[in-house]
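Please read the following report alongside the sequence and the model.

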There are 2 protein chains.
Amino acid sequence: MYYVGIDLGGTNIAAGLTNKKGEIIRKKSIPTHRDRPYTEIVKDMAGITIKLINEVGIDQKELKYIGIGSPGTPNVQEGTIIYSNNLNFRNAPIKYEMQKYINVPIYVENDANCAALAESVYGSAKGVDHSVTLTFGTGIGAGIVINKRIYSGFNNAASELGHTVIVSEGCQCSCGRKGCWETYASANALIRQTQEVLEQNLDSWIYTLVNGDLSKINGKTIFDAARKDDRLALNIVDTYIGYMSEGITNVINMLQPEIVVVGGGICNEGEYLLKPLREKVYQAMYTKDEVPKTQIKKAQMGNDAGIIGAAMLGEM
Amino acid sequence: MYYVGIDLGGTNIAAGLTNKKGEIIRKKSIPTHRDRPYTEIVKDMAGITIKLINEVGIDQKELKYIGIGSPGTPNVQEGTIIYSNNLNFRNAPIKYEMQKYINVPIYVENDANCAALAESVYGSAKGVDHSVTLTFGTGIGAGIVINKRIYSGFNNAASELGHTVIVSEGCQCSCGRKGCWETYASANALIRQTQEVLEQNLDSWIYTLVNGDLSKINGKTIFDAARKDDRLALNIVDTYIGYMSEGITNVINMLQPEIVVVGGGICNEGEYLLKPLREKVYQAMYTKDEVPKTQIKKAQMGNDAGIIGAAMLGEM
């Protein structure tokens, strides 16, 4: 049997045909055009799925189900998206609409939960019962896996770790609160923090890397400058890792997962990021040396995590 | 069959004999004298248990098991306390030691987890799958129940919600971090905040209530003054409820339990506390109106929660 996992993003719809082992046989991607009504977006998701199975040359009967990872809060029982800010979905009956085009079982889940499931089954958290997967990007995406299953609370809306406050009355967050973790520790926050520091300091290697155009700064630029021992960049990175560690320590003190998986573009910095991050977390966390420690690992599944996790939804 | 639940506290050892319905038939309490070695404390726990069953007049064969709720991090499989700051326990083999005196099965769990279990099965969170029970006292005790079972992570050390930072670089916490929730929202924090405000302001009803002795302030004093529309007390209570709501909103955004149970002496303020608390949480939380909301309820089990939860450990 085959499976289709769809990673519905604000920019692209990415779909992959997988086998039972979670290996992607073929994948395709088309633009989401996120402002459209859900009916049109679903029509495109069905279209890309049908193209995929036709290109691989399998019969629709060999497709066991389609899993869809979407931004927002799903009703997983009914296969709807109750609310998504990112896609303007309100009680969008994704499953029902999708089955107008392809008559197979449809599973709908939050996209960050799909990524966490993929890491839990095939990635960095393989084999453990409890793990938390974090993606540091525009915001902070998070998925909680407890007893090898996605944990999403009584209303499928849990694991909004990016919206836990670490600085009461701090930076304004898009969610309405002030001081949410993602306003300090997302990749976007790192870029903003860097721009603010550089506006006050002209002596940094970062200027050279972006030809003096601060709008070109990204996470990699800052780490590249730090690796060259640029004083400002070193300070910025140290402060930023401090913010990452504050939230990760909170997660550990609260949930004690066996593994915390760190994903997003920033995780490509590897041990240069993870080593000081672990030091700060292990220094701060409540658990004493007598008790086994949560491991902090780099994500393994990369950009395919959402597709692979979605393709596994019906098997959990 | 009968059950014994022991709530091992820093001040007292409280033990209760319960029936299958979790009703306490008889209970006893003796001082802990917390600085003693675990062997002496366990000897007293065994002694009080034997007295209990003798006084009620049951045979030891009718005792199905003894459950013990202790501060610190247990190894529930082995029945040891790996670490407790409160009792100076390090890898204390409670179960093994206890069975020298009474040969019945022994279960060991963290005390806050026992209280959460009691609320989950018989108290304010009865009937729901996921709940979080918080006790606002010297610190903030917390227990997480997921799928009707205690959740304590891979190392039994989870649910230290009092030690999640809400004010990065804020008040110094006894755990070593700065800005932990309990340094802002425990009952002790409320008293400290009040003393700090009153040292700068002499015009408050609170002075009358404590005859000018700020060391006599407790949570009730402050709420009593607020109910009399004392301006300072109203401000203090509003700020304090703000800190409570910050942490509770974090818990909800992260775990979306169906019910959050609020316990500790402060919960005796009832709706005077809970109504504005709910308003602040519902205003701040990430979940939108389209999604079912976590309920915030007063604890029901009172001081017996620890005993009753411990007495249920073998049945879960």
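## Salt bridges within the chains

E279(B) and K275(B) form a salt bridge in which the closest N and O atoms are 3.5 Å apart, a salt bridge being a side-chain nitrogen of Lys or Arg within 4 Å of a carboxyl oxygen of Asp or Glu. Both residues lie in helix α9 of chain B, four residues apart, about one turn of the helix; helices (H or I, at least four residues) and strands (E, at least two) are DSSP runs, numbered from the N terminus. E279(B) is partly exposed, with a relative accessible area of 48%, and K275(B) is partly exposed with a relative accessible area of 48%, where buried means under 20% relative accessible area, exposed over 50%, and partly exposed in between (1.4 Å probe, protein chains only).

This is a predicted model, in which local features need pLDDT of at least 70 and side-chain atom pairs count only at pLDDT 80 or more, while totals for chains, interfaces and linings use all residues. Residues are numbered from 1 along each chain as its sequence is written, chains are lettered from A and ligands numbered from 1 in the order in which they are written, and side-chain values use heavy atoms, with hydrogens and water left out.

A further salt bridge joins D238(B) to K280(B), the closest N and O atoms being 2.9 Å apart. This pair links distant parts of the chain, since D238(B) is in helix α8 of chain B and K280(B) in helix α9 (residues 271-284) of chain B, 42 residues apart. D238(B) is partly exposed at 44%, and K280(B) is partly exposed at 27% relative accessibility. In chain A, R278(A) forms a salt bridge with E271(A), with the closest N and O atoms 2.9 Å apart, while K20(A), K64(A) and E315(A) are linked in a network of salt bridges. Over all chains, a search of the whole structure finds 34 salt bridges.

## Where the chains meet

In chain B, 46 residues are in contact with 46 residues of chain A, contact meaning heavy atoms within 4.5 Å. Four salt bridges are found across this interface, and R177(B) forms a salt bridge with E246(A), the closest N and O atoms being 3.0 Å apart. On the side of chain B that touches chain A, β6 (80-84), β10 (140-146) and α8 (231-255) each supply at least two residues, and the largest share, eight residues, comes from α8(B).

H163(B), in the loop between β11 (149-151) and α4 (182-185) of chain B, counts as buried at 4% relative accessibility. Not counting residues up to four places away in sequence, H163(B) touches residues including N250(A), N253(A), Y286(A) and R177(B).

## The nonpolar core

The largest nonpolar core has 98 residues, of which F136(A), I248(A), F136(B) and I248(B) touch the most other members; such a core is a set of buried Ala, Val, Leu, Ile, Met, Phe, Trp, Tyr and Cys residues joined through side-chain atoms within 4.5 Å. Leaving aside residues up to four places away in sequence, F136(A) touches, among others, W181(A), Y240(A), M244(A), I248(A) and V262(A).

## Positive phi angles

H33(A) has a positive phi of about 50 degrees although it is not a glycine. H33(A) sits in the loop between β3 (24-31) and α1 (38-56) of chain A and counts as exposed at 52% relative accessibility. N91(B), found in strand β7 (residues 89-92) of chain B, has a phi near 45 degrees, again a positive value in a residue other than glycine.
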